[in-house]
Amino acid sequence: MTERLRIANGMVVDPEARTMTRADVLIEDGAVAAVEAGELLEAEARVYDARSCWVVPGLVDMHVHLREPGYEYKETVATGAAAAVAGGFTSIACMANTNPVNDNAAVTRFIVEQAAAAKHARVYPIGAVSVGLKGERLAEIGEMRRAGIVAVSDDGMPLMDAALMRHALEYATMFDLLLIAHEEDACLRAGGVMNEGLTSVRLGLKGSPAAAEELMIARDIALVELTGGRLHVAHVSTARAVAMIREARARGLAVSAEATPHHLMLTEDAVADYDTNAKMAPPLRTQADVDALRAGLADGTIDAIATDHAPHHADEKECEFERAANGIVGLETALGLALRLVADGVLDVPTLIARLTTGPARLLGLPAGTLAVGAPADVAVIDPERRWRVAARSFKSKSRNTPFDGWELTGKAVATFVGGTLVYEDRPAAAPLRVAS
């Protein structure tokens with residue numbers, strides 16, 4: 001018997017056509033069957049009333065850390081996937097820095113199995129470039145591809161060996177995989193814990209210069225030109241880096257990039273009181289860098305907004321700044337923060353949704369980010385007027401490390417559907433699903 005669900009009365013945002021249209025979305029047997037204005041079909045169907053809300057493709061995050069296996073005290077596949085759907089994300093891609101590292105098919109299969117058991121967001125593993133993330137020899141990329149990886153990355157561990165990076169680009173291309181790079185010259189960073197500048201001098205903290213990121217991007221753009229490979233720059237953070245990526249793309253090179261909500265919202269001033277929750281790699285930069293990132297996001301130089309969701313136990317943040325772990329959790333705050341870009345006039349709504357859906361889905365080759373007929377019925381319902389306060393203690397994630405705790409945000413995912421199944425709802429006043437008469 002056909003199962004039908006009609007998400008009715010919402011404003012449907014189409015990130016590909018860049019349109020917003022009042023319409024209903026009909027879902028049949030877990031797939032999108034139609035998107036039409038007015039009453040959709042007279043056949044019996046359950047109805048979800050999305051009145052006063054946007055109906056968008058489920059959000060896609062191409063850069064998260066789920067910590068399992070090995071660091072389950074920080075996060076698990078299940079808790080990370082639950083945090084994802086609470087933030088409107090229906091597809092997430094998880095990095096390889098687990099223990100053991102996801103550098104072989106067995107670990108890849110384990111992550112896939114854990115995700116299937118969790119029954120929240122769809123989870124796509126990213127395999128390591130090098131064995132053990134050591135940057136010495138290539139991992140078994142082909143075996144991991146067959147087991148389910150969608151990209152390769154040693155994220156967090158820059159590939160300092162240019163010859164290995166060349167071979168990685170060539171080998172990843174053989175399997176039609178994107179290579180995601182943490183672009184940072186470890187020698188130039190030399191223990192820097194924040195952006196190098198006047199603020200680092202005033203605080204007495206060792207800084208990491210913007211050039212540490214920019215030098216590696218320049219090297220890897222040259223290697224893309226040499227190999228014909230596909231390079232994706234993770235969490236880009238400097239104005240010059242954005243300009244370099246823009247120029248490479250203008251020359252027809254396969255270079256893409258992502259920016260995080262925290263690099264789009266915060267500057268190095270966020271660590272002025274030694275707040276370890278604002279410590280990350282790459283570090284928060286200057287206002288000029290934030291402005292350049294926003295411009296790059298608007299003109300398409302930056303393809304995607306990605307959270308770099310990085311859970312840590314409180315003990316790893318409640319210590320001296322130099323010793324604190326890098327990174328913040330982001331799945332549950334990303335949408336509310338990103339909507340500030342609309343309020344600030346940086347992006348219109350369809351473009352913002354594109355950077356959170358079609359952009360990352362296209363880069364990873366995922367069957368996601370669209371409400372086209374026949375696509376999996378992964379849908380987020382967003383209340384753009386919902387005002388809420390970030391409360392880290394209430395996160396679905398196991399970890400609480402965020403500099404945004406207590407912030408007032410406007411706009412929130414109030415319902416998330418994966419394969420047509422309601423997996424998250426936060427609309428206490430909403431009418432329940434009902435059967436149309």
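In strand β8, Pro125 is the bridge partner of Cys94. That's a handy place to start a tour of this model, which is a predicted one.

Cys94 and Pro125 lead us to two neighbouring strands: β7 and β8 (residues 122–125) run parallel and are paired over four bridges. On to the next pairing: strand β6 (residues 59–64) is joined to β7 by four bridges, and these two are parallel as well. If you want a spot to look at there, find Val60, which stands opposite Ser91 in β7.

How many residues of β7 are buried? Six of the six residues in β7 (residues 89–94) are, so the strand is mostly covered. β6 has six of its six residues buried too, so the rest of the structure largely encloses it.

**The five-stranded sheet**

Further along, there's another open sheet, this time with five strands in the order β9-β10-β13-β14-β15, and the pairing is parallel. Which strands stand at the edges? Those are β9 (151–153) and β15 (304–305); each has a single partner strand, so one side of each has no neighbour in the sheet.

β9 pairs with strand β10 (residues 178–181) in the parallel sense, over three bridges. Within that pairing, Val152 has Leu179 in β10 as its bridge partner. Helix α4 (residues 162–174) packs on this sheet, touching β9, β10 and β13 (231–233), and its direction makes about 145 degrees with that of β10. Helix α7 (residues 210–227) packs on the sheet as well: it touches β10, β13 and β14 (255–259), and its direction makes about 160 degrees with that of β13.

**Rings and charges**

Now for some side chains. The count of aromatic pairs comes to three. One of them is Tyr48 with Phe417: the ring centres are 5.4 Å apart and the planes are at 85 degrees, so this pair is edge-to-face. Tyr48 sits in strand β4 (residues 46–49) and Phe417 in strand β17 (residues 408–418), so the pair ties together parts that are 369 residues apart in sequence. Both Tyr48 and Phe417 are buried.

Tyr171 and Phe175 make an edge-to-face pair too, 5.4 Å centre to centre and with 70 degrees between the planes. Is Tyr171 buried or partly exposed? With a relative accessible area of 29%, Tyr171 is partly exposed.

There are also places where the charged end of a lysine sits over a ring, such as Lys74 over Tyr71 and Lys412 over Trp388:

| Charged residue | Ring | Distance from ring centre |
|---|---|---|
| Lys74 | Tyr71 | 5.5 Å |
| Lys412 | Trp388 | 5.5 Å |

**A helix tucked inside**

Last stop: helix α12 (residues 349–356). How much of α12 is buried? Eight of its eight residues are, so α12 is largely enclosed by the rest of the structure.

Methods. Residues are numbered from 1 along each chain as its sequence is written. This is a predicted model: local features need pLDDT of at least 70, side-chain atom pairs count only at pLDDT 80 or more; totals for chains, interfaces and linings use all residues. Side-chain values use heavy atoms; hydrogens and water are left out. Buried means under 20% relative accessible area, exposed over 50%, partly exposed in between (1.4 Å probe, protein chains only). Two strands pair if DSSP finds at least two bridges between them. Rings of Phe, Tyr and Trp (its six-membered ring) pair if their centres lie within 6.5 Å; planes under 30 degrees apart count as stacked, over 60 as edge-to-face and the rest as tilted. A charge sits over a ring if NZ of Lys or CZ of Arg is within 6 Å of the ring centre and within 35 degrees of the ring normal. Contact means heavy atoms within 4.5 Å. Axes are lines fitted to C-alpha atoms, for helices over the stretch in contact, and angles run from 0 to 180 degrees between N-to-C directions.
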